[in-house]
Structures are given as structure tokens and as C-alpha cells.
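Please look at the structure below with the packing of its helices and the surroundings of its ligand in mind.

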Amino acid sequence: MESLRNKTVLITGGSSGIGKATAIRLAQMGAQVALSARNRDALEQVRKEIHTAGGAALVAPADVTNAEQVRTAVEATVAHFGKLDILLASAGLSMRAYFEGSSLEALERVMRVNFFGTLYATHFALPHIKKTKGSLVAVSSLTGKRGIPSYAVYGASKFAIQGLYEALRLELLKDGVHVGVVSPAFVDTPLRANVLGPNGQPWAVPPPPPFRVWPVEKCVERIIRLIVKRKRQALMPWFTGPLLAIDELCGRVLGDRILLGRFPPES
Ligand SMILES: NC(=O)c1ccc[n+]([C@@H]2O[C@H](COP(=O)([O-])OP(=O)(O)OC[C@H]3O[C@@H](n4cnc5c(N)ncnc54)[C@H](OP(=O)(O)O)[C@@H]3O)[C@@H](O)[C@H]2O)c1
């Protein structure tokens with residue numbers, strides 16, 4: 001897609017999973033990619049992979065819970081590439097546990113990484129994105145569209161992203177800035193193996209996903225399409241849109257029953 005050639009994209013969560021796969025795809029399409037996350041070795045490997053394939057990439061490490069580090073990563077991107085066209089806020093972690101019995105420290109951590117991480121990146125990227133009339137894109141989740149047992153706080157962090165971005169989309173209409181949110185179902189990434197349990201430690205054996213786990217390439221396609229078409233939202237898979245609408249029309253009775261059956265409290 002010609003429209004992404006020479007665009008500069010900063011990706012938080014660029015060391016793994018959805019962020020990494022999208023970075024590689026965007027670089028193949030001619031975009032210049034700044035890769036951000038905490039794990040420098042993993043970021044360096046992604047950068048090398050992109051360079052070897054003839055693409056342009058920069059490592060801009062940051063812990064997204066640290067506003068100063070996020071500011072530095074944004075500034076390093078602009079200093080290196082001269083501009084910023086697109087922010088893809090993908091950094092995040094998952095927690096699967098009923099709220100009751102979950103440690104407060106773990107619940108706060110999920111909000112700090114998923115919500116405040118997205119907020120900091122958006123805050124520091126915004127002035128640069130306004131100059132290029134570019135895109136702010138956040139990776140939310142279907143748990144940010146519909147309450148799901150076991151995902152109370154993970155879902156709250158994604159609902160919060162949704163609320164932030166919906167308001168921002170309107171606030172920035174006059175500036176020609178595109179604001180979009182991608183809400184995937186289960187995606188096949190390393191996140192699956194690192195899902196936090198109620199004590200804030202990853203599950204030794206995470207509870208199995210009760211619905212299909214989608215290939216990461218599918219999610220990358222949705223993200224690229226949302227950016228190119230400057231859409232406000234993308235659900236993955238697409239049919240969750242109609243399903244959510246039907247669920248709402250039916251007073252959520254059937255949806256509640258299915259979700260309670262599929263997501264029982266874990267021991
Ligand atoms: N996989 C799914 O089923 C699924 C479904 C719906 C939504 N999502 C969302 O998709 C996004 C990407 O997840 P993924 O599936 O690609 O997971 P992943 O493979 O585990 O990647 C998560 C990324 O976030 C980064 N990250 C985590 N904590 C961070 C922190 N404090 N500071 C900076 N970076 C941090 C990780 O890098 P470092 O560890 O190097 O920092 C990594 O690059 C997340 O927001 C997730 O909630 C995933």
C-alpha cells in the first residue's frame with residue numbers, strides 16, 4: 001500500500017506479538033518504524049530483522065508506566081526520522097482472574113501498563129501527530145466492548161482506552177487527526193503464556209481460551225486497514241460487531257449466560 005510509504009510509526013509493545021508483527025509488516029510496506037518496549041534485546045532483534053529485509057527501524061526503549069521514558073522514546077523517534085505520522089499503542093499485559101480475591105497491586109499494575117501506558121504515549125505523540133495530520137491508534141480488546149467475567153480490570157483498562165480515544169477522536173476532528181481503536185478477540189501471541197493470575201504472577205498453566213484464538217496476521221491486517229482507511233474502530237473477528245449488537249438488543253440475557261458458562265471462576 002503506497003499510502004504508508006515513508007510514514008513514521010512509533011509502536012509501543014514493538015518487541016513482541018501484535019506490535020512486533022505489525023512493525024515488520026509496516027516496514028515491508030515502506031514505513032519507518034520506531035520500536036518501543038522494555039526488552040532491549042528483543043527490540044534489537046526486531047530491528048535487525050527489519051534492516052536485513054531492507055527496511056528502516058529504530059529502537060526506542062521505554063517502560064510505558066514511566067512517563068519520562070515514554071517522552072524520551074517519542075523525542076528519539078522524531079529526532080531520528082524528523083517526524084511522527086502514526087502512534088500504535090500496543091503495549092499491554094493481560095490478567096485473567098475474578099475481581100474478588102485479586103491482589104490490589106496486580107489490579108493497579110494492569111491499569112498502569114494498559115491504560116496509563118497508552119495515555120502517556122498518546123500525550124507525548126499528539127503534538128507531532130497534529131503536525132502531520134496522522135493517526136493515533138490504540139490496541140484495545142473485545143473486553144473493552146463488553147464486560148466479561150475474569151476480565152474485570154483488564155476489561156476496565158480497555159474500556160478506559162476506548163473512552164479516551166472516542167473523546168479524542170471528536171476533539172481532534174478539527175485538526176485532521178485520525179483516531180482509531182482496534183479491539184481483537186484472542187490472538188495467538190506470547191501474551192497468552194504470560195496472563196497474570198489473581199496474585200499478580202503469571203499462571204503456571206493459564207486457563208485455556210474458551211473461544212477461537214486468531215492468528216496474529218489477521219490482527220495485523222485489521223490494524224493496517226484501520227490506519228489506511230482512517231477508520232474509527234476495527235473489531236476482530238468482524239462478526240463480533242453484529243453479535244454485540246444482537247446481544248444488546250436481547251438485553252444481554254443470552255450473552256450473560258454464555259459468558260458465565262465459558263468463564264467460570266478459576267481455582
Ligand atoms: N493476544 C491477545 O489475545 C490479545 C487480545 C486482545 C487484545 N490484546 C492486546 O494487544 C496488545 C499487544 O498484546 P500481544 O498479544 O501482542 O502481547 P505480547 O506478545 O505479550 O506483547 C506485549 C507487548 O507489550 C510490551 N509491554 C508490556 N509491559 C510493558 C511495559 N510496562 N512497558 C513497555 N512495554 C510493555 C511487551 O514488551 P516488553 O516486555 O519488552 O516490555 C510486548 O512488546 C496488548 O495491549 C493486549 O492487551 C491482545
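The paragraphs that follow take up the helix pairs and then the ligand shell.

This is a predicted model, in which local features need pLDDT of at least 70 and side-chain atom pairs count only at pLDDT 80 or more, while totals for chains, interfaces and linings use all residues. Residues are numbered from 1 along each chain as its sequence is written. Helices (H or I, at least four residues) are DSSP runs, numbered from the N terminus, as are strands (E, at least two).

Two packed helices are described by the angle between their axes and the distance between the axes. Here axes are lines fitted to C-alpha atoms, for helices over the stretch in contact, and angles run from 0 to 180 degrees between N-to-C directions. Helix H1 (residues 17-28) and helix H6 (residues 216-228) have axes that come within 9 Å and cross at roughly 60°. The contact (C-beta atoms, placed from the backbone, within 7 Å) brings Gly17, Ile18, Ala21, Thr22 and Arg25 of H1 together with Val216, Glu217, Cys219, Val220, Ile223 and Ile224 of H6. Sorted by class, with Ala, Val, Leu, Ile, Met, Phe, Trp, Tyr, Cys and Pro as nonpolar, Asp, Glu, Lys and Arg as charged, and the others, Gly among them, as polar, this contact has seven nonpolar, two polar and two charged residues.

H1 also packs with helix H2 (residues 40-52), at an angle of about 20° and with the axes 10 Å apart. H1 and H2 are therefore roughly parallel to each other, a term that covers angles under 35 degrees. In this pair, Lys20, Ala23, Ile24 and Ala27 of H1 meet Val46, Glu49 and Ile50 of H2, and the contact holds five nonpolar, no polar and two charged residues.

Helix H3 (residues 67-81) and H4 have axes that come within 9 Å and cross at roughly 30°, so H3 and H4 are likewise roughly parallel to each other. On the H3 side the contact is made by Ala67, Val70, Arg71, Val74 and Val78, which meet Tyr120, Ala121, Phe124, Ala125 and His128 in H4; these residues divide into eight nonpolar, one polar and one charged.

Which residues come nearest to the ligand? Of the 31 residues around the ligand (C-beta atom, placed from the backbone, within 6 Å), they are Gly17, Arg38, Asn39, Gly92 and Leu191. The elements that give two or more residues to this shell are H1 and helix H4 (104-132). By class, the shell has 13 nonpolar, 16 polar and two charged residues.

Notes. Contact = placed C-beta atoms within 7 Å. Parallel < 35°, antiparallel > 145°, perpendicular 65-115°, else oblique.
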